[in-house]
Amino acid sequence: MKDYIKQIIADVPDRWRARNLVREYCQARILQFLQEKQAFLSWVFHGGTALRFLYMLPRYSEDLDFAWKQPSARFSFSEIVAAVAQGFEAEAYKVKIRIKESKTVKSASFRFPGLFYELGLSPQATETLSINIELDSHPPAGGTTETSVIRRYVLLHLMHYDKPSFLSGKLHAILSRPYVKGRDLYDLFWYLSDRTWPGPNIEFLNNALEQTGWKGPEIKGSNWASVIDRRIEDVDWRDAIEDVRPFIERPSDLSLLTKENVLKLLRQRFG
């Protein structure tokens, strides 16, 4: 399958974009190997990479995030991760894994040493492509799931959150992080610019905030937009833009990512 990667990047003159496409292809293959182990019977795909794969978010994302829908079910996280690694090794990839398990979050790092060099995308033979996966074994209650069949290099049948729950996850990130990341602002701008995207799953959002020690007001359908409005009023937009710049598929989008535009959309749609 390495020949397929070479085909994907053959006509891409921009090395930065080619490297992102290689990462994305490897993400798709991780999802495929997880699917073969029937992970998506209980793993809920969410986060930035899920938005890109499912809804064509024009932002590259680094990692894969999942929530465990059936915490009572028995399974071995380490065995599933090992099976994914074996799938890559069977196709002559060099891959190293590092696994961390806790009561709440299980994580694994897939490292592909020398892959960029082999593909002519790095002068350093030791440079490593890393992709992390995280599985929240105690996700907030109230998230609504659905399934979709998509084609992203390979065919995938994924369980994921629905649109209101996706938006709630992003609002939770904006309200709970010590500082607002540029990628969160870009994603919020992208959500708001789609007038068909529904409002957030309020129950899911409140449960997530409670888990992370939220000290602010109870979020309701009538006030969530004003709470977000206040949160992003004081953001350092210059730092935020630099945070998200390396991941934007179309750099011209950044000229539109301003406080004025985000607040205008927020107030027009939900204010």
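1. A pocket is an open set of grid points at which a 1.4 Å probe fits, with protein on both sides within 12 Å along at least five of seven lines. The model discussed here is predicted. Its largest pocket holds about 1,200 Å³ of space. The lining is made up of 46 residues, and H46, G47, D65, E134 and R177 are the closest to the centre of this pocket.

2. Which elements supply at least two residues each to the lining of the largest pocket? They are the helices α3 (48-55), α6 (163-176), α7 (182-193) and α8 (202-211), together with the strands β2 (64-68), β3 (96-101), β4 (105-113) and β5 (128-136). Helix α6 gives the most, with 8 residues. By residue class, the lining of the largest pocket comprises 16 nonpolar, 16 polar and 14 charged residues.

3. Side chains of opposite charge can pair when their charged atoms come close. The count for this model comes to 18 salt bridges. One of the pairs is R19 with E127, at 2.4 Å from N to O.

4. R177, already named among the residues closest to the centre of the largest pocket, forms a salt bridge with D184, in which the closest N and O atoms are 2.5 Å apart. Are these two partners buried or exposed? R177 counts as partly exposed because its relative accessibility is 28%, whereas D184 counts as buried because its value is 0%. The pair also belongs to a network of salt bridges that links R59, K170, R177, D184 and D187.

5. A further salt bridge joins the side chains of E233 and K259, at 3.7 Å from N to O. E233 is partly exposed at 30% relative accessibility, and K259 is partly exposed at 25%.

6. Rolling a probe the size of a water molecule over the atoms shows where empty space is left. The structure holds 1 cavity of 30 Å³ or more, and the largest cavity has a volume of about 40 Å³. Its lining consists of N20, R23, E24, Q27, T49, R52, Y60 and S61. Both α2 and α3 give two or more residues to this lining, and the largest share, 4 residues, comes from α2. The lining of the largest cavity divides into 1 nonpolar, 4 polar and 3 charged residues.

7. T49, one of the residues lining the largest cavity, has its place in helix α3. Since buried means under 20% relative accessible area, T49 counts as buried at 2%. What does the side chain of T49 reach at 2.4 Å? It reaches the backbone oxygen of D63. A polar contact of 3.0 Å also joins the side chains of T49 and S61. Leaving aside residues up to four places away in sequence, T49 touches Q27, S61, E62, D63 and L64.

Conventions:
Residues numbered from 1 in each chain as written. Predicted model: local features only at pLDDT ≥ 70, side-chain atom pairs only at ≥ 80, totals over all residues. Heavy atoms only, no water. 1 Å grid on protein atoms, 1.4 Å probe; cavity = no way out; pocket = protein on both sides within 12 Å on 5 of 7 lines; lining within 4 Å. Points joined across faces, edges and corners; volume = space filled by probe spheres on them. Nonpolar A, V, L, I, M, F, W, Y, C, P; charged D, E, K, R; others polar. Salt bridge = Lys/Arg side-chain N within 4 Å of Asp/Glu carboxyl O. Buried < 20%, exposed > 50% of the residue type's maximum accessible area, 1.4 Å probe, protein only. Polar contact = N/O pair within 3.5 Å; in protein donor to acceptor, adjacent residues only side chain to side chain. Contact = heavy atoms within 4.5 Å.
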